[in-house]
Amino acid sequence: MHDSVATLLSTLDLEPLEENLFRGRSPDIGWQRVFGGQVVAQALVAAQRSVEAGRPVHSLHGYFIRPGDPKRPIVYEVSRLRDGGSFSTRVVTAVQHGEAIFTLSASFQRAEEGLSHQVPMPAVPGPEDVPYKELNRLILSDAPESVKRYWQRPRPVEFRPVSLDHYLTDNKLPPHQNIWVRLVDDIGDDPHLNAAVLAYLSDMTLLDTSLFAHGLSVFDRRIQAASLDHAMWFHRPVRVSEWMLYTQDSPSSSGGRGLTRGSLFTPDGVLVASVAQEGLIRPRKQQPA
């Protein structure tokens, strides 16, 4: 197993402190704040551990309240709001330095049959048809140093963007993108673990899409960018070790915030999850010369 995947799985394996109380830690990757997807995933794991078997998560809604400190552990407190005949509801509060940094509401449902439909997957080249090696070479040769560091860092998730125009130009572009994603190792079929990893990776690349229309990226020092909230709906079982198309669009930005929506499809076109996120995309004030 790749070291990056082992680190991710270890990060998601929370330490039980007491009933409904867990402790999570952050890997040392040189960031000044905890990655938002990690907090979402750890909070989901805490909620999952309080729910009976056979009830996978079907939706979650979270709010980022304060930046997380990667040098200190995060304590997750689970509130068991309801266990009904079909649904279980949990609220999780993530705490650091005595203050809440994130809250999560999650709903779990007993598996059942029902009506089924979905939107079609966009027609894009498959993951094997994307010239990702050439695209990586272009990024590493022409992109800013911050982008180079991001792409050179070993990661548990592999990305193969269908287009990298937004990394290689500051032109204003349509606010949408398609990216093939997968975990770089096989972690099996455990629905709870796959859902947690899916929540982790769903925060990657998403906020960036809201900046395309402005010729900017999350790496641009002219803006302050941060996730404000994160919502997910889990429609069908998923194996994150297999390729998924993450299609994203941003219908609006205003008031220093950008809204982005995402859909995750299997290669054969099955919609497995939907995502929505609003993020802070505030222009930094220019310092006087």
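The stretch corresponds to an annotation: an unreviewed UniProt entry places the feature "domain: Acyl-CoA thioesterase 2 C-terminal" at residues 155-280. The coordinates discussed here belong to a predicted model.

The protein as a whole contains six helices and 13 strands. Its radius of gyration is 19 Å, close to the 19 Å that the globule rule gives for 289 residues, so the protein is as compact as a globular protein of that length. The C-alpha trace spans about 55 × 45 × 40 Å along its principal axes. Of the 289 residues, 47% are buried. Among contacts with a separation of 6 or more, 71% are accounted for by residues 24 or more positions apart.

The surface and the charges may be taken next. The protein exposes about 14,700 Å², of which carbon and sulfur atoms supply 51%. There are 30 positive and 33 negative side chains, and the centres of these two sets lie 7 Å apart.

Is Met 232 buried or exposed? Met 232 counts as buried because its relative accessibility is 0%, and the cut-off for burial is under 20%. Leaving aside neighbours within four places in sequence, Met 232 is in contact with His 58, Ser 59 and Leu 60, with Leu 198, Ala 199 and Ser 202, and with Ala 273, Ser 274 and Val 275.

His 97 is not a glycine, yet has a positive phi of about 50°. His 97 is placed in the loop between strand 5 (87-96) and strand 6 (99-109), and with a relative accessibility of 52% it counts as exposed. Thr 205, also not a glycine, has a positive phi of about 75°. The loop that holds Thr 205 runs between helix 6 (191-202) and strand 9 (223-227). At 14% relative accessibility, Thr 205 counts as buried.

Terms used: Residues numbered from 1 in each chain as written. Predicted model: local features only at pLDDT ≥ 70, side-chain atom pairs only at ≥ 80, totals over all residues. Heavy atoms only, no water. Buried < 20%, exposed > 50% of the residue type's maximum accessible area, 1.4 Å probe, protein only. Contact = heavy atoms within 4.5 Å. Helix = DSSP H or I, 4+ residues; strand = E, 2+ residues; numbered from the N terminus. Rg over C-alpha atoms; globule rule 2.2 N^0.38 Å. Areas by Shrake-Rupley, 256 points an atom, 1.4 Å probe, with all protein chains shown as cover. Lys, Arg positive; Asp, Glu negative; His and termini not counted. Charge placed at Lys NZ, Arg CZ, Asp CG, Glu CD. UniProt positions renumbered as here; feature names shortened; annotations may be inferred.
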